[in-house]
Amino acid sequence: MSQTMTEQMSCKQVLDDIVNVLGVQKMLLKQFKYSYKDQATLLQERKLALLVDLDQTLIHTTNEEFAGPQVEGMLQFTCKGTSHLTMLRPHHKRFLESMSNHFEMHVVTLGVRDYAKVILQELDPEGRFFGRRILTRENIPNSDKFAAMQKLFPGGHEHVLAIDDKVDVWKHMDNLHQVPEFTYFKSKNYGLKRTLIGSSKNDDALLEAEKILLHAHEKFFDYYERSELQPTSRLFKEVQKEWETVRISEQIEKLFLTVEKISQGQKVSKPRKRTQRKR
């Protein structure tokens, strides 16, 4: 193959990529009235972009029969003829309120659009947090959120962070904060019957995520105000190392307090062990 033909094919590939990106953006703007600010505008407002997953990050949904009581934060609805039960993650209101002051937030979910719209009617009924910035399964080919982000920000994603319980759909990118998977509904076997119950375990994952993301935001603009633009992917590595140091320090401090109580003759509470009943 001649060099000229190779160059022509390379140019065609570049043009195809450009058309693909523009096509996705045009489709979003036309079909879903997707509206977001460019990087320069966001930075002038001291904001970054935050891509937010729904399932098992902010919520947990099941379509199985639930035996537990209806509690605060639980939603029941029907989508595409299927009944769903959704539990909102603890501290979601505080998290979204706090993030909206420092980030332009986008929903990026592998759920279908009709499902995401129902969830957002509860999470963001006035559209203050996400507006119309919603990417769903219909807009994310091959479940590749990283590729979807690149198409959404073709000029670069140096100002973008994401929060999700999964890393593989983002190709393990560095500017992602992974939260523990939120699972409220759990199955229990009672004899031959399988029953779905609710978990009462405390979950402060969004409180920790809030601190980490705000720290990343502060660090980004510390550099930005010194005319040293550092990409979020690089900064977030630093932030994660710093928070890991904080966690270790807190664990050491708790250990010292426990040792001090023991030396003073105080009782130290121990977690209760479950005992099996004799039949």
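Let's start with a network: Asp53, Lys145 and Asp164 are linked by salt bridges. By salt bridge I mean a side-chain nitrogen of Lys or Arg within 4 Å of a carboxyl oxygen of Asp or Glu. Side chains of opposite charge can pair when their charged atoms come close.

A word on the source. This is a predicted model, where local features need pLDDT of at least 70, side-chain atom pairs count only at pLDDT 80 or more, and totals for chains, interfaces and linings use all residues. Residues are numbered from 1 along each chain as its sequence is written, and side-chain values use heavy atoms, with hydrogens and water left out.

Lys145 and Asp164 form a salt bridge, with the closest N and O atoms 2.8 Å apart. This pair links distant parts of the chain: Lys145 sits in helix α5, Asp164 in strand β7 (residues 160-164), and they are 19 residues apart. Helices (H or I, at least four residues) and strands (E, at least two) are DSSP runs, numbered from the N terminus.

Are these two partners buried or exposed? Lys145 is buried, at 3% relative accessible area. Asp164 is buried too, at 2%. The cut-offs: buried is under 20% relative accessible area, exposed is over 50%, and partly exposed is in between (1.4 Å probe, protein chains only).

Now α5 itself, residues 145-152. Six of its eight residues are buried. They are Lys145, Phe146, Ala148, Met149, Lys151 and Leu152. What caps the N-terminal end of α5? Asp144 does, with a side-chain oxygen 3.1 Å from the backbone nitrogen of Phe146. Ser143 has a positive phi of about 55°, although it is not a glycine. Ser143 is partly exposed, at 37%.

There is another such residue. Lys80 has phi near 55°, again positive in a residue other than glycine. Lys80 lies in the loop between β3 (74-79) and β4. Lys80 is exposed, at 62% relative accessible area.

Look at β2, residues 59-62. β2 and β4 (residues 82-88) pair antiparallel over four bridges; two strands count as paired if DSSP finds at least two bridges between them. Ile59 has Leu88 as its bridge partner in β4. Thr62 stands opposite Leu85. Which way do the β2 side chains point? Ile59 and Thr61 point one way, His60 and Thr62 the other, and all are buried. In a regular strand the side chains alternate between the two faces of the sheet.

Last, the salt bridges again. The structure holds 15. Among them is Glu45 with Lys37, at 3.0 Å, N to O. Glu45 is partly exposed at 38%, and Lys37 is partly exposed at 35%. Another is Arg128 with Glu126, the closest N and O atoms being 3.5 Å apart. Arg128 counts as partly exposed at 47%, while Glu126 counts as exposed at 65%.

How values were computed:
A polar contact is a pair of N or O atoms within 3.5 Å; within protein, one must be able to donate a hydrogen and the other to accept it, and residues adjacent in sequence count only if both atoms are side-chain atoms.
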